[in-house]
Amino acid sequence: MTVVQAGRQTQWMTKGDDPWQVFVCHVPPEAQSVYYVGLPLRLDLRPDAITTILSERVTDYFDRLSHGAYHPVFSVGGEVTIASTDEPQACVDKALADVGDKAHGVFVVADAEHNATQPGGSANAGSPCATPPCPASTTRRFVYVGAADFSSDWAGDPPMDLIEHELGHALGWPHSGSAETAGDPHTSALDVMSNSAAPRMTEPERRDAPDTLAINRLAAGWLPQSAVEDVPPAGSSLTLQPSAGTSGTRLAVIALDDHRFLTVELLVAEGFDSHLPASGVAVHLVDTGGAERTQTPIVGLPPFDDLLTAGETLSSNGWSIAVADGWRVTMTPLDDLRTVST
């Protein structure tokens, strides 16, 4: 499967300890960037305090998400200052200039909030390197966020969902949900890589993001091939186990052509997915033919949390996907035509 081959190239970043250095970026009050202009407030942020929060909260999230396969390790980096004419990327560039040789990435927090019209953060998995694991100074791997999630408004209990989303990008995961060309591509409640704040919309006390899709686990090397069923052209029937679990068939893949396929998985409304109305089967159209993998949910409408349950059938892309009791899923080709028609 194409996504597996691509994932193997970056699994040095997604398995075992992943060292990050934490930096605070000081933004001048007179900053002219559209990200900061008109927002004079500057928070008193310190790298050591942020490192403590990330180590307690974000490390635990990814330990649980990966069932212990991936362990981000945060340490204090330092502080950098940008000029009034600089953009947020200058924060990242200055941190990368100061990062230690053993860090695989820099985690940068600006002391300024972002304007509401601008993204809350950004991230990059970095450039390929010849002999991994490679230092951040070589790959330029980073996560950057504004100060909003560290505001005193959170009374010492800041949300980590945006940070977890951006760290997912630093693992090589793309967005999932609506197309990137849409007004808001973060419309799905099913994945940390879409609307990472979805749990807080139904459970205000939540601070972590949702779980992630099985296709991301597969790319990261957290899901063994034995847990994946490649559906033959004639179709098949199987019993799905929860994709966030540790055993059984957790992902069914229906090939449409050499770069498009449907993924079928069971999401259970517990743990990181306790915000879902009910457990059910999710189906995504995955396309690896472009510059970045796309992962589009095709069950229901945004936020796509009305999943398939027993007695329901989805017909899409030339296939019928029927769910029976006990999460028995039967996948049958409707005809030999493989076109995108949802």
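Me: Where does Trp-327 lie?
Reply: Trp-327 sits in the loop between β13 (319–324) and β14 (328–333). Keep in mind that this is a predicted model.

Me: What's its phi, and how exposed is Trp-327?
Reply: Phi of Trp-327 is positive, about 60°, although the residue is not a glycine. With a relative accessible area of 24%, Trp-327 counts as partly exposed, because that class runs between 20% and 50%.

Me: And Ala-155, what's phi there?
Reply: Near 55°, again a positive value in a residue other than glycine. Ala-155 belongs to the loop between β5 and α5.

Me: Is Ala-155 buried or exposed?
Reply: Exposed, at 70% relative accessibility.

Me: OK, peptide bonds. What's the geometry from Pro-132 to Pro-133?
Reply: That bond is cis, with omega near 0°. Pro-133 is in the loop between β4 (121–124) and α4.

Me: What about the bond joining Pro-302 and Pro-303?
Reply: Cis too, with omega about 10°. Pro-303 is found in the loop between β11 (294–297) and β12 (313–316).

Me: Switching to the inside. How many residues are in the largest nonpolar core?
Reply: It has 31 residues, and Leu-54, Phe-62, Phe-107 and Leu-167 have the most contacts inside it. The elements giving two or more residues are β1 (16–26), α2 (47–65), β2 (70–81), β3 (105–110), β5 (142–145) and α5 (161–170).

Me: Which one gives the largest share?
Reply: α2, with 6 residues.

Me: What is Phe-107 in contact with?
Reply: Leaving aside neighbours within four places in sequence, its contacts include Trp-20, Phe-23, Leu-54, Phe-74, Val-143 and Ile-163.

Me: Which residues of α3 are buried?
Reply: In α3 (residues 88–98) they are Pro-88, Ala-90, Cys-91, Val-92, Ala-95 and Leu-96. These buried residues pack against β1, β2, β3, α4 (136–139) and β5.

Me: Now the whole chain. How many helices and strands?
Reply: 7 helices and 14 strands. Buried residues make up 51% of the 342 residues.

Me: Last one, how many charges, and how far apart are their mean positions?
Reply: There are 19 positive and 44 negative charges, with mean positions 5 Å apart.

Conventions. Residues numbered from 1 in each chain as written. Predicted model: local features only at pLDDT ≥ 70, side-chain atom pairs only at ≥ 80, totals over all residues. Heavy atoms only, no water. Core = buried A, V, L, I, M, F, W, Y, C linked by side-chain atoms within 4.5 Å. Buried < 20%, exposed > 50% of the residue type's maximum accessible area, 1.4 Å probe, protein only. Helix = DSSP H or I, 4+ residues; strand = E, 2+ residues; numbered from the N terminus. Contact = heavy atoms within 4.5 Å. Lys, Arg positive; Asp, Glu negative; His and termini not counted. Charge placed at Lys NZ, Arg CZ, Asp CG, Glu CD.
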